[in-house]
Amino acid sequence: MFEDIFEEEMARKSIFKDQSKLSPDYVPGTLVHRDEEFRELSRLFKPVLEDKASQRVLITGSVGVGKTALSLRFGRELEAGAEKRGFRHDYVHINCRKERTPYTVIRELMNHYFPRLSRRGFAPEELLSDVVDWLESHDAYLTVGLDELDFFVRQNGPDLLYSFIRAGEETGAPNRLSVIAISRSSNFFRLLDEATMSTFMHNKIELDKYNAQQLTDILKNRVKVAFRPGTVNDEVIDLISEAASQRGDARFALELLWHAGRLADKEGLEKVTLENARTAKARIHPEIRTDVLLDLRRHERLLLLALARHLKISDKAYTFTGELDEAYKVVCEEYGEKAFKHTKVWEILKKLSDFGLIKTQPAGMEKGGRSQRISVPDAPVETLEKELEKILDSKKV
Ligand SMILES: Nc1ncnc2c1ncn2[C@@H]1O[C@H](COP(=O)(O)OP(=O)(O)OP(=O)(O)O)[C@@H](O)[C@H]1O
Ligand SMILES: [Mg+2]
């Protein structure tokens, strides 16, 4: 009996040809509808390849419009372009939201050039100057993609960015370091000095949200490499791109497609059905960013879980600092952690708010003192709760 089930399952063909082509880490060879922006980037980097000058560019645009994909794809071309011209130019992409501190950002870069060297205790500027020395002695050039830089600058201030911009400038030798700053919005610009701000403003590439037709084209291209032929028809693609077009977000569209495909596989179907796509749409909440949740520290997760549970139980749209503090203590106890004191909780709240996971606003006279009104963006708190529990349970660190 089990033998039959086993053989039946072995014989069943998945509708996917290659699921990894749908994963968020996959960078497609061509980015549909981004030719203009790619051209603009190439134009801005022409002096870098032709005259060995340095450049600073800013890429902005809302969630899932291809900022990361565009810079990674461009970086690849930049490296190849330099090689063709007979010199070395590296592209190193660093997610500054994930790395969080100046030290860990620079460590990413150090790992690229000095993989086995531990350099704790050195100031980021010193480490950066080691990298510049390395470039100098190897006659190499470097472009750093500082992704999600807005989070970083809001947390740490702009000093690290200034160091990147200044690195190598003092030596009188050619400046070997270029920067591609990547951010959702240019709001954080007010934290920068006039000169830096104006450089980036002049070299700004703004990616618009995708419309339904553009999302359709993106999905169709991806279907070709990820699914077996004839398993995803146009109506399914249209339904998904229509659903994702309200946000203009390609990541959401691809997530829906992937989820719909997995549902079809699970049901043993030969094709993705409209119902699979509708179910995916009902289940996937783009407001809940799993990648961001995965990068959180333990107490940030615990506090967010406390908030989700508290909002669910109280059935209110928001809560206050004091109440959340209590809920957080309960969650800490459950997970065997010592709860942080109020000031630290305050800091964590600020981080969660910078990450866009919660919304805070002063509670005014309602509750007195420094109390804040805290809510989550439009997403079911129950889903958020489940997602966090899953992560907390899988990583008992
Ligand atoms: N023009 C495109 N063609 C093909 N795939 C695309 C295109 N634009 C985006 N994608 C895909 O959509 C997903 C989201 O893109 P990406 O991660 O680059 O967005 P982002 O702008 O960096 O979003 P975030 O602000 O959340 O970081 C990725 O899987 C990417 O490969
Ligand atoms: Mg990105």
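A: By class, eight nonpolar, two polar and seven charged residues make up the lining of the second largest pocket. Here Ala, Val, Leu, Ile, Met, Phe, Trp, Tyr, Cys and Pro count as nonpolar, Asp, Glu, Lys and Arg as charged, and the others, Gly among them, as polar. This is a predicted model, where local features need pLDDT of at least 70, side-chain atom pairs count only at pLDDT 80 or more, and totals for chains, interfaces and linings use all residues. Residues are numbered from 1 along each chain as its sequence is written, chains are lettered from A and ligands numbered from 1 in the order in which they are written, and side-chain values use heavy atoms, with hydrogens and water left out.

The lining holds 17 residues. Nearest the centre of this pocket lie Arg 184, Phe 355, Gly 356, Leu 357 and Pro 377. A pocket is an open set of points on a 1 Å grid over the protein atoms alone, with protein on both sides within 12 Å along at least five of seven lines; lining residues have an atom within 4 Å of a point. The space in the second largest pocket is about 370 Å³. A volume is the space filled by probe spheres set on the points, and grid points are joined across faces, edges and corners.

Which domains supply the lining? Domain 1 (35-206) and domain 3 (290-394) each give at least three residues. The protein also has domain 2 (210-283). Domain bounds come from an automatic or database domain assignment. Among the helices, α8 and α18 (342-354) each supply at least two residues of the lining. Helices (H or I, at least four residues) are DSSP runs, numbered from the N terminus.

Now the cavity. A cavity is a set of points where a 1.4 Å probe fits but cannot get out. The structure holds one of 30 Å³ or more. The largest cavity has a volume of about 80 Å³. Its lining includes Gly 356, Leu 357 and Pro 377, residues also named among those nearest the pocket centre. Glu 287, Ile 288 and Arg 289 are among the other lining residues of the cavity. By class, the cavity lining has seven nonpolar, one polar and two charged residues.

Back to α8 (149-156). Buried residues of α6 pack against this helix. Buried means under 20% relative accessible area (1.4 Å probe, protein chains only). Among the buried residues of α6 are Tyr 103, Ile 106 and Met 110.

Conventions. Buried means under 20% relative accessible area, exposed over 50%, partly exposed in between (1.4 Å probe, protein chains only). Contact means heavy atoms within 4.5 Å.
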